[in-house]
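This report describes selected features of the structure shown below.

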Amino acid sequence: MGDPKRRYFSPEIETKPRERIERERDEKLLGDLLPWAYERSALIQEVWSEAGVTIDDVTTMDDFHQKVPFISKDTVRSFRDRHHDPYGGLLCLDPEMTEVFSAIFSTSGTTGDPTPAPYAGRGPSMLVREFWETGCRPGDHFVEMLFTFRGPGIHDTIRGIGATPVFLDHSPAEVPQLVRFSRELRPTAWYNLSGPLVLALEQHVADTGDNLAEAFASYRGVIFAGEPIGPRARHIVEDEWGLELFVQTGVGDVGAATECREHDGCHFWEDTCYVEHLDPDGAEPAGDGKRGELVATTLIDKIAPLVRYRSDDLVRVTREQCACGRTHGRLWPLGRKGDEVVVGGRSVLPGDVWAAVESVPETSAGLFQVIRTAREVDRLRLRVGYSAEGPKGLGDLRARVTDAVQAAVGVQPEVELVENEVLLRQGPPHKIPRVAKA
Amino acid sequence: MTFAAAYEDAPRAWGVGRLLLDGEVKPWPVSQHDIDDEAESQAPRLASLGVGPGDLVLIVAMLSEAIHAVPLEKAAGKLGALYSSADATPSDAFRVAYLIRQLEPAAVVGVNGAVVEGLRDLGRDPAEILAAVAGHVATADDVACDELTRLGLAPRRWVKLGPTSAWEEEPGTLGYDQTRWDASDVDGEIVLTNTADRLTPCDRLATGVRGQVPRPGRIALG
C-alpha cells in the first residue's frame with residue numbers, strides 16, 4: 001500500500017525546482033505543442049497567417065511573446081460560423097477516429113453556445129493532485145455532484161486516487177439525498193459545491209432544522225467551483241457547517257487551478273499549461289502580484305490546443321513558492337474583464353458589490369447581475385434577487401440595497417429587484433450569469 | 001496507470017449509484033465488472049435503436065443515473081460509435097437541441113418529460129428538434145413517450161429495471177437480458193434476481209415496474 005499520510009500526490013512534480021519547471025515548460029511549448037498545433041489546427045494556421053507568422057519564426061520564448069497572435073472565444077466562434085465547423089478550427093485530429101476518441105462533450109454554454117470537445121481521455125486527469133489535497137484517501141467515498149455534459153473524467157480521477165465516487169446531481173433537488181448519503185456513506189471529499197447549492201442547503205436547514213455540521217462531519221475537504229463565493233456564504237459553509245473549502249477556478253479553458261490547504265491562491269500546474277497574465281488592454285506583462293488578464297496556452301491538449309488564449313479573466317498571479325511547499329504558480333481570480341463597468345471613471349466588478357448585496361437580509365443569497373450595455377456607462381444598474389419583500393415593502397428594500405452598494409463602491413446604483421428564482425432559472429445549475437445586456 | 005492500480009488496491013466499488021425502490025432512494029454500489037458486463041449486455045439493444053460504427057448517440061441522463069447511463073456510453077464504444085451527453089433537465093434542453101443540430105446523432109436515449117418541457121420553454125418545437133432522429137429516440141418516462149408518440153416521432157421506451165435496463169421491442173412489451181437476469185411478476189410488479197455476478201446482489205428485488213413476464217426475456221407493461 002502507498003503511504004496515505006504523504007502530503008503531495010505527485011511530489012516530484014508538485015515541488016519541482018522553478019528552474020526545471022520553466023525549462024521543461026518552455027521545451028514542451030516550443031518543441032512539441034506549437035509545431036503540432038501549427039501543422040494541424042486550421043484556426044491557428046489562419047490566425048498566424050493573418051499575423052504574418054510561421055512556426056519557423058518562433059524558436060525562443062521571446063519570439064513567442066513578441067510574435068504569436070492571441071486568440072479568444074470570439075475568434076473561435078467566428079471561425080466556427082464562417083467555416084461551419086462546430087469545433088472552431090481547433091481540432092488537430094479527426095473526431096471520427098473512434099480508436100482515439102470515445103465521446104464528444106461540450107462546455108457549459110454560460111456565455112453563449114456550448115463548444116463541443118472530443119474526448120480521448122482514458123484515466124484520471126491532473127485533478128488527482130487537488131483531490132488528494134482535499135484529504136480524501138484510498139478506500140474513502142468521494143461525492144461527485146456534477147452534470148453529465150463534462151464526461152467521465154471526474155469519475156476516473158476520483159478512482160485515480162483510490163476513492164469511490166458517489167454520484168449525485170448538481171441540483172438543489174438533490175440536497176436531501178446529499179445529506180442522507182453524507183450520513184450513511186461518510187464521504188471525505190466533495191466535488192463540487194456552488195452558490196446555488198449553498199442556498200438550497202440553507203433552505204433545507206430552514207425547512208427541517210437539520211444539523212449539517214453533524215451530517216457533514218466526515219468531510220475533510222470540499223471543492224467550491226462555478227463562480228466566486230461571497231463572504232456571507234463562506235461564513236455559513238465554513239463556520240456553521242464546518243466544511244473546509246478549496247476554491248477552484250478555470251485556467252482559460254485549458255485547465256483548472258485550485259487552492260491548497262494554505263488557502264493562499266489557486267495552484268495552476270505548469271507542466272500542463274503556460275500562464276501569462278498581461279495588461280488587460282495590451283500585450284505587456286502585468287507583473288507578479290498585479291492585476292492582469294489571464295492568457296493561457298495548453299502544453300498537453302493535442303486534440304484542440306488553445307494557444308495564447310485571452311480568457312477575459314482578471315487575475316493576480318505569483319510564481320513565488322507557496323507555504324505548502326509547491327513550486328508551481330498561483331492565481332487569484334478577481335472577475336471577468338467583460339463584466340467590468342466603468343461608472344464616472346470608477347471601475348466596478350461584480351465582486352466589488354457582492355458583499356454589499358449579501359449584507360441585506362432579504363438579498364443575502366448574493367444573486368445579482370450587473371446590467372452592462374457598454375463598458376463605460378453613466379449609471380451603475382443592478383438586478384438583484386430577493387427572497388422576501390421585507391417588513392416595509394420593496395421600496396424600502398430597494399433603498400437599503402442601494403445604500404449598501406453605494407457605501408461599498410462609492411457609486412449610487414439603480415437597483416431592479418426580482419425574485420431569486422428569476423435569476424436562478426438563468427443557470428447552468430452551478431452559477432448564474434453575473435452580467436446581462438438588458 | 002492510476003494511482004490506485006500503482007500503489008493501492010483498486011476500490012472494490014466502481015461507484016455508488018442509486019435505485020428508487022418503493023419511493024425511497026437506495027444507494028447502490030456497482031463494480032467495474034458490473035459496468036463492463038452491463039455494457040456488453042446493452043450493446044445489441046443500442047444497436048437495435050440504430051447505432052452503428054462511426055455513429056454518435058446522444059445520451060440524456062443525470063449523473064445520479066450513472067449506473068444505467070455509463071454502460072450505454074461504453075456500449076456505444078463497443079459498437080464503434082461515439083457518444084455525447086446532456087442533462088435530463090429543462091435547463092439543459094438547449095444543449096439537447098444544440099448537440100442534435102451540430103453533431104447529427106444516429107439516436108437519442110433518455111429524453112424525458114423535463115427535456116420536452118425545456119424545449120418548449122425555449123420556444124422550440126420538440127417534434128422539429130427530434131425529427132432528424134425520428135424512430136431512433138428512446139424515452140425515459142411515460143410523459144415523454146406519450147408526447148413524442150403524439151407528435152409522430154415513434155419513440156421507444158428505455159426503462160430502468162432495477163440496476164439494469166429494459167427496452168421496448170414492440171408496443172407495450174419490454175425486452176431484458178435473460179442471460180444475466182431472472183424476472184418474474186408478483187402482484188403486478190416485476191421482481192428481479194441477478195444470475196450473473198454483481199457487486200450488490202438482487203434477490204427478488206421489487207423494481208417498481210408494473211407488468212407481467214409472459215416468457216423469459218419479455219415484460220408486458222401494465
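## Terms and model

Helices (H or I, at least four residues) and strands (E, at least two) are DSSP runs, numbered from the N terminus. The model is predicted: local features need pLDDT of at least 70, side-chain atom pairs count only at pLDDT 80 or more, and totals for chains, interfaces and linings use all residues. Residues are numbered from 1 along each chain as its sequence is written, chains are lettered from A and ligands numbered from 1 in the order in which they are written, and side-chain values use heavy atoms, with hydrogens and water left out.

## A buried alanine in chain B

Helix H2 of chain B (residues 32-48) contains B:Ala43. This residue counts as buried because its relative accessibility is 7%; buried means under 20% relative accessible area, exposed over 50%, and partly exposed in between (1.4 Å probe, protein chains only).

Contact means heavy atoms within 4.5 Å. Beyond its neighbours within four places in sequence, B:Ala43 is in contact with B:Ala75, B:Lys78 and B:Leu79. The C-alpha atoms of B:Ala43 and B:Ala81 are 11 Å apart, while 38 residues separate the two along the chain.

In chain A, helix H8 spans residues 175-185, and its buried residues include A:Leu178, A:Val179 and A:Ser182. After H8(A) comes A:Arg186, with a positive phi near 50°. Not counting residues up to four places away in sequence, A:Phe216 touches A:Leu178, A:Val179, A:Ser182, A:Trp190, A:Leu201, A:Trp241 and A:Leu243.

A nonpolar core is a set of buried Ala, Val, Leu, Ile, Met, Phe, Trp, Tyr and Cys residues joined through side-chain atoms within 4.5 Å. The largest one has 83 residues, of which A:Trp190, A:Leu193, A:Leu201, A:Phe216 and A:Val251 touch the most other members. Helix H4 of chain B (residues 93-103) gives the most to this core, 7 residues. Another core, of 43 residues, lies apart from it and has among its members A:Ala163, A:Ala189, B:Ile67 and B:Cys202.

## A sheet in chain A

Two strands pair if DSSP finds at least two bridges between them. An open sheet of 4 strands in chain A has the order E20-E19-E17-E21, with mixed pairing. Its edge strands, E20 (413-419) and E21 (435-436) of chain A, each pair on one side only. Strands E17 (residues 368-371) and E19 (residues 380-386) of chain A run antiparallel and are joined by 4 bridges. A:Ile371 stands opposite A:Arg381 in E19(A).
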